[in-house]
Amino acid sequence: MKDLTLGLVGVGRIGAMHADNISALNGVLNAEDINVRLRLTDVAEEHARAVAARVGAEFLPSVEALLASGLDGLVIATGTGTHPGLIKAGVDAGIPVFCEKPVALDVADALPVLEYVRERQGVVQIGHQRRFDPGYLEARRAYQAGELGWIHSLRAVTCDMAPPPVEFLAGSGGLFRDCSVHDFDILRWLTGREIVEAYAKGSNNGDPAIGAVGDVDTALALVTFDDGTVGTVSATRYNGAGHDVRLEIQGSRGSLLVGLDDRTALASAEAGVAFPAGQPHQTFAERFDAAYRAEMAAFVELILGLRDNPCTPEDAVAASRVADAAQESLRSGSPVRVELDPAVAG
Ligand SMILES: NC(=O)c1ccc[n+]([C@@H]2O[C@H](COP(=O)([O-])OP(=O)(O)OC[C@H]3O[C@@H](n4cnc5c(N)ncnc54)[C@H](O)[C@@H]3O)[C@@H](O)[C@H]2O)c1
């Protein structure tokens, strides 16, 4: 039996879920002779102690204590602004790092992190969990096999039921960087193409406090790919029908819709149509439960050298480049070219 100890920093909305998933890993890992143990920390000590007790983890009082305790991997699930420093601390400790998306608040802050990781040959996986979602995986397979013909339209949708706390939004980088970055990542990953331009509009008809911290509660970006294909990426914090994440791909031979099942948060306006009949998803944790579990299992396999990195910091920053362009377009009101990585732009 091989013992593996993971450290987790940050047990808020998503970190607490990762704590649950890590503590359940032993049941899902392919290599049955692995025993994963968890140590965790959070500046909100009382809450962290409660999470630790719930999942059978050990609480440690600081990131320093966590890293000094001898870990095999570090999982970072703190607010976005803290990611660069914590990624570097993990790399300095000489262990593989899993960090929630995005790498940093914007691309300018992320580039020095990429360089730091590269120079030290660090291993860092970024948490774009949709890459593990069965629907997106099937859509990628069908797209890349050419089963849909040539693609004329891509429409990505990400809707939260209710906004996170305004304090979180104030430090999130904005709706495109925080939320739609998942769609930008999945569109690049699925199509194998670069998005070269974003033209965004947004609105604030919900809590005025969201506008007061410089964010919008709803937005849509028209994106153009490097072959001229167009798509839309829309997001809102106020989707009363449920947590709704979909991708519609329409081609010359066929169409495919990721996220269309009995739990899709939509109702038909047509008479006699009962579909979808199930209870809509309420949260991202429900919608992507299987994907979050699979990405954490992948991180353990990455630590053990059993697989390639499923989402590198470079991948994540490529998505953030589109998010930055969309945020800038939202501000300026004009279409904005995506500043592609010079290595990609040629
Ligand atoms: N992949 C996804 O689907 C997804 C979903 C939600 C959030 N996220 C990302 O996860 C990150 C966290 O988001 P959240 O919604 O869980 O935020 P949150 O505010 O609910 O939780 C963050 C936690 O980190 C703790 N923390 C902050 N700084 C710390 C530090 N220096 N040391 C120790 N603890 C610290 C806070 O006390 C809090 O408990 C964000 O970067 C966000 O973009 C990803």
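Analyst: In this predicted model, an open sheet is built from 7 strands, in the order S12-S11-S7-S10-S9-S8-S13, with mixed pairing. Its edges are strand S12 (255–258) and strand S13 (336–337); each has a single partner strand, so one side of each is left without a neighbour in the sheet. Helix H12, residues 313–332, packs on this sheet and touches strand S8 (195–203) as well as S9 and S13. The direction of H12 makes about 45 degrees with that of S8.

One of the pairings within the sheet can be followed residue by residue. Strand S9 (residues 218–225) and strand S10 (residues 230–236) run antiparallel and are joined by 7 bridges. In general, the strands of a sheet pair through backbone hydrogen bonds, and the pairing is either parallel or antiparallel.

Back in the helix, glutamine 327 is a residue of H12. Is glutamine 327 buried or exposed? Its relative accessibility is 13%, and because the limit for buried is under 20%, glutamine 327 counts as buried. Beyond its neighbours within four places in sequence, glutamine 327 is in contact with Gly173, Gly174, Leu175, Phe176 and Arg177. For leucine 175 there is also a polar contact: its backbone nitrogen lies 3.4 Å from a polar atom of the glutamine 327 side chain.

A parallel pairing is found between strand S4 (residues 73–76) and S5, which are joined by 3 bridges. Here valine 75 has phenylalanine 98 in S5 as its bridge partner. Strand S5 (residues 97–100) is covered on both faces. Val97 and Cys99 are buried on one side, and Phe98 and Glu100 are buried on the other.

Tyrosine 292 has a polar side-chain atom 2.6 Å from an oxygen atom of the ligand. From isoleucine 14, a polar backbone atom is 2.9 Å from a ligand oxygen. Aspartate 178 takes part through its side chain, where an N or O atom is 3.4 Å from an oxygen atom of the ligand. On its own the ligand has 850 Å² of accessible area, and the protein covers 82% of that.

Methods
Residues numbered from 1 in each chain as written. Predicted model: local features only at pLDDT ≥ 70, side-chain atom pairs only at ≥ 80, totals over all residues. Heavy atoms only, no water. Pairing = 2+ DSSP bridges. Helix = DSSP H or I, 4+ residues; strand = E, 2+ residues; numbered from the N terminus. Contact = heavy atoms within 4.5 Å. Axes fitted to C-alpha atoms, helices over the stretch in contact; angles between N-to-C directions. Buried < 20%, exposed > 50% of the residue type's maximum accessible area, 1.4 Å probe, protein only. Polar contact = N/O pair within 3.5 Å; in protein donor to acceptor, adjacent residues only side chain to side chain. Areas by Shrake-Rupley, 256 points an atom, 1.4 Å probe, with all protein chains shown as cover.
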